Amino acid sequence: MSTTGATADPLATLGSLPGVPESVEAVRKAVDRVYGHRIMRRRSNEITSEAALRGARGSAALSGADWALEEVRRRTDFSGDDEARVVGGALRLTAEAGQLLSIWRQSPLRVLARLHLVAAASNDDTVGRPRQEGEPVDEPLIELPAPNAAEVHGRLEGLSELIIAGGSAPALVTAAVVHGELLALRPFTSHNGLVARAAERIVLVGSGLDPKSVCPAEVGHAELGRAAYLAALDGYVSGTPEGMAAWIAHCGKAIELGARESTAVCEALQRGAA
């Protein structure tokens with residue numbers, strides 16, 4: 001997303017694209033349903049914990065490790081093979097995201113570097129910093145050409161400036177742009193999908209839309225499927241108003257599905273308590 005020559009609040013402009021206000025309203029209603037559930041008043045910590053687990057499973061699935069929820073719940077060792085390491089990275093990111101909320105609005109690039117460190121869990125000297133010229137990107141599930149390092153650095157700075165400046169854009173729009181920009185740029189040598197979805201979570205929680213982190217968009221992204229995810233990302237990368245609106249709507253639907261998942265968890269807990 002280029003901000004050159006943009007208005008003072010370019011994200012707010014995206015919020016007025018055709019179909020986006022409807023998506024924003026649908027997300028708000030879905031989130032309100034979860035927060036209005038009677039179980040949330042008594043057992044919100046349980047809902048948050050379950051949403052974190054399910055969100056991590058969904059994010060890992062989109063990065064090629066599509067494990068059953070009970071397998072994620074059961075396992076304690078996530079170092080055995082590539083899939084296990086992806087799941088472990090997703091779980092670590094979900095836990096870490098909540099610790100970075102206070103830093104995000106002041107130093108988003110510092111948070112992104114930390115997220116990559118947590119996801120990679122490696123001492124490699126490429127970890128925790130944007131890739132440099134000539135360094136390859138290991139993100140096999142996203143086949144779009146990766147921008148060069150100079151473009152990555154410039155666009156990351158632009159994204160950081162937008163976040164620090166704040167503005168009046170709905171949380172859905174900001175979260176979708178952060179998510180889409182990180183997928184488009186793939187700024188790190190690995191784990192960009194996991195980092196992008198963790199950053200989306202940080203925006204949704206930090207904005208106040210989902211302060212208890214009980215509406216895991218990652219669940220919805222996984223449920224909508226990898227093909228739909230990549231097709232919507234193509235729209236974002238196109239930069240057209242129609243493509244941007246389609247990506248924002250896709251992210252909105254994912255949040256709605258995440259909210260529905262947690263509403264179902266609330267219902268199950270209520271039946272168990274009855």
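In this predicted model, helices H8 and H9 are roughly antiparallel to each other, because an angle over 145 degrees counts as roughly antiparallel and their axes cross at roughly 170 degrees. The two axes come within 11 Å. On the H8 side, the contact is made by Val 152, Arg 155, Leu 156, Leu 159 and Ile 163. These residues meet Val 177, Val 178, Glu 181, Leu 182, Ala 184 and Leu 185 of H9. By residue class, the contact of H8 with H9 comprises 9 nonpolar and 2 charged residues, with no polar ones.

Arg 155 and Glu 181, which both take part in this contact, also form a salt bridge, with 2.9 Å between the closest N and O atoms. Arg 155 is partly exposed, at 22% relative accessibility, whereas Glu 181 is buried, at 1%.

In total, the structure holds 17 salt bridges. Side chains of opposite charge can pair when their charged atoms come close. One of the salt bridges links Arg 43 and Glu 46, whose closest N and O atoms are 2.7 Å apart. Both residues of this pair lie within helix H3 (residues 38–62), where Arg 43 and Glu 46 are separated by 3 residues, about one turn of the helix. An α-helix has 3.6 residues a turn, so residues three or four places apart point the same way. Arg 43 is partly exposed, with a relative accessible area of 22%, and Glu 46 is likewise partly exposed, at 38%. A further salt bridge joins the side chains of Arg 129 and Glu 135, with an N to O distance of 2.7 Å.

Helix H10 spans residues 192–206 and has 15 residues. From its first C-alpha to its last, H10 reaches 21 Å, close to the 21 Å expected at 1.5 Å a residue. Of the 15 residues of H10, 14 are buried, so this helix is largely enclosed by the rest of the structure. H10 is followed by Gly 208, which has a positive phi near 95 degrees.

Key: Residues numbered from 1 in each chain as written. Predicted model: local features only at pLDDT ≥ 70, side-chain atom pairs only at ≥ 80, totals over all residues. Heavy atoms only, no water. Salt bridge = Lys/Arg side-chain N within 4 Å of Asp/Glu carboxyl O. Helix = DSSP H or I, 4+ residues; strand = E, 2+ residues; numbered from the N terminus. Buried < 20%, exposed > 50% of the residue type's maximum accessible area, 1.4 Å probe, protein only. Axes fitted to C-alpha atoms, helices over the stretch in contact; angles between N-to-C directions. Parallel < 35°, antiparallel > 145°, perpendicular 65-115°, else oblique. Contact = heavy atoms within 4.5 Å. Nonpolar A, V, L, I, M, F, W, Y, C, P; charged D, E, K, R; others polar. Expected span 1.5 Å × (residues − 1).
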